[in-house]
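Open your viewer and get ready to select a few groups of residues. We will go from one stop to the next together.

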Amino acid sequence: MRIGTRLTIVLLLCVMPVLAAYTWWSVDQSNVYLNELKQSARAVSSGVAPSIDEEVIANEFDKVDDAFRKMDAEGTRSALLRKDGTLWHSLPNFPPELVTAASMQLAQSKSTEFQPASGAKNWFCELVPLKGQTGDVIGYLLEVQDWTKVARDSRAHSIAALVLALVLIAVVATVIPAAVYRYVSRPLADLSSKVTKFSSNDSDRAAGSEVELLSEEFRKLDQQLTKARADLDQRHRRELELERDLQRADRLATIGALAAGLAHEIGTPMGVIRVRAEALQDDAAMSPDARVKLGIIVRQIDRIARIVKMLLDYSRKSESHKAICDLRTIAERVLTLLEPEAAHRGVRTIARLGENPLMVNCDADQLEQVFVNMIMNAFDAMNRGGGTLRVTADTEQNRDGSCVTLAFEDTGVGVAPENEGRLFAPFFTTKEPGKGTGMGLAVSQSIVREHGGEITFSSGPSGSKFVVAIPMASSEMVEHEHGSRQQRRA
């Protein structure tokens, strides 16, 4: 059964008894009015009967007639009946048919109150016994009142109450189903229709009320959403893996570009090592001069080891992990890593990183990759005869709070105006074939945006300036990170 039908039945069952009680009360009000009239008539009869007894016993019927006339003037007609019910005495205008009705009432030993109908009139009659001096019943006082108007009003009132009750029942029986349909059944049906559109199998729909149907459909939707969420999580993990692979590929491409410079940087110390080793072979006594030469060799070997280690650290695949770091430390590490490449290309690097810490919540490895891309692009732009690269760190205040900026300004050829709109597009490059993948700036922009920042640039004939802006870590985050580090050390 539909929920709307159930609700309609319940509301009707609640309202109908109230209407029935109201109808009964309205009809009963007519009976109350009639009972009050009867009590009034009884009071009149009880007051008149004793005086009529005395006058009848004294055969003073003229006084009886005077009493009858007074009562007639007040709307009550009277007559005297013998014990057998025959007429004993009355005024001339007393209806004879009421005497006959009273005789039948006495003969059947029924109630002393009765309401006969005579023609178009309705009467209320009451028989009051008349007693003699010994207390024996000698006759009856018949008092009648014309209740034609009273009966008509009573019927009209009863009919009006019944009609009103029927009208109310009809209105309630119409309004309740209509209201339930409009505000319950139709919205539930619309909701059910919309929900069932998501169902993959219409044949499995539950047969029952809308609530049961919606419960079943929501259960199915929950299963579908759970499955969809699992699929999205799996797809998201694949996308993250692809993004990491893309970042790693970009790192490897950068390493390939650094290979020539590193080979040159490593090749020169190795030549020096060979020369120093040959000299040491002829100096078995290890003179002071030989010790100096050996120290030079050790320093060159340490430099080679440091460069190779930095290159290996840069190329190593690592999981993303954010922590509070000083941006200057990351920039200094990148500048040290690319120092041989800068020397190989004849580029002079000027770093102004300031003296105050620039703390950001970041993945240091990812930002390191961004800074390598920025510097390598600057080297490529200054490939014809070298140039100058300025790296400047600063802080700025914007509407979202404080941020740290790291600007890379070169003296290269700049970016052509027609290429500015596509500069961060994937696979877009202006380098010669085989010298660029077109993913460096796209990957860098993606990494910086993951950190809540942005890469902007300006370019002209005298060079380009790329600015990496990253939100500065709040003091609360810095204190929390410092406390966590102290706990780990403890």
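**Stop one: a cavity**

Select Ala41, Ser45, Thr76, Phe124, Glu126, Glu143, Val144 and Gln145, which line the second largest cavity. A cavity is a set of points, on a 1 Å grid over the protein atoms alone, where a 1.4 Å probe fits but cannot get out, and lining residues have an atom within 4 Å of a point. The space in the second largest cavity is about 30 Å³. Strand 6 (137–146) gives at least two lining residues, as do helix 1 (3–57) and strand 5 (121–131). Helices (H or I, at least four residues) and strands (E, at least two) are DSSP runs, numbered from the N terminus.

A word on what you are viewing: this is a predicted model, where local features need pLDDT of at least 70 and side-chain atom pairs count only at pLDDT 80 or more, while totals for chains, interfaces and linings use all residues. Residues are numbered from 1 along each chain as its sequence is written, and side-chain values use heavy atoms, without hydrogens and water.

**Stop two: helix 4**

Next, select residues 148–196, which are helix 4, and find valine 171 there. Is valine 171 buried, exposed or partly exposed? Valine 171 counts as partly exposed because its relative accessibility is 41%, and that class lies between buried (under 20% relative accessible area) and exposed (over 50%), with a 1.4 Å probe and protein chains only.

Conventions: On a 1 Å grid over the protein atoms alone, a cavity is a set of points where a 1.4 Å probe fits but cannot get out, and a pocket is an open set with protein on both sides within 12 Å along at least five of seven lines; lining residues have an atom within 4 Å of a point. Grid points are joined across faces, edges and corners, and a volume is the space filled by probe spheres set on the points.
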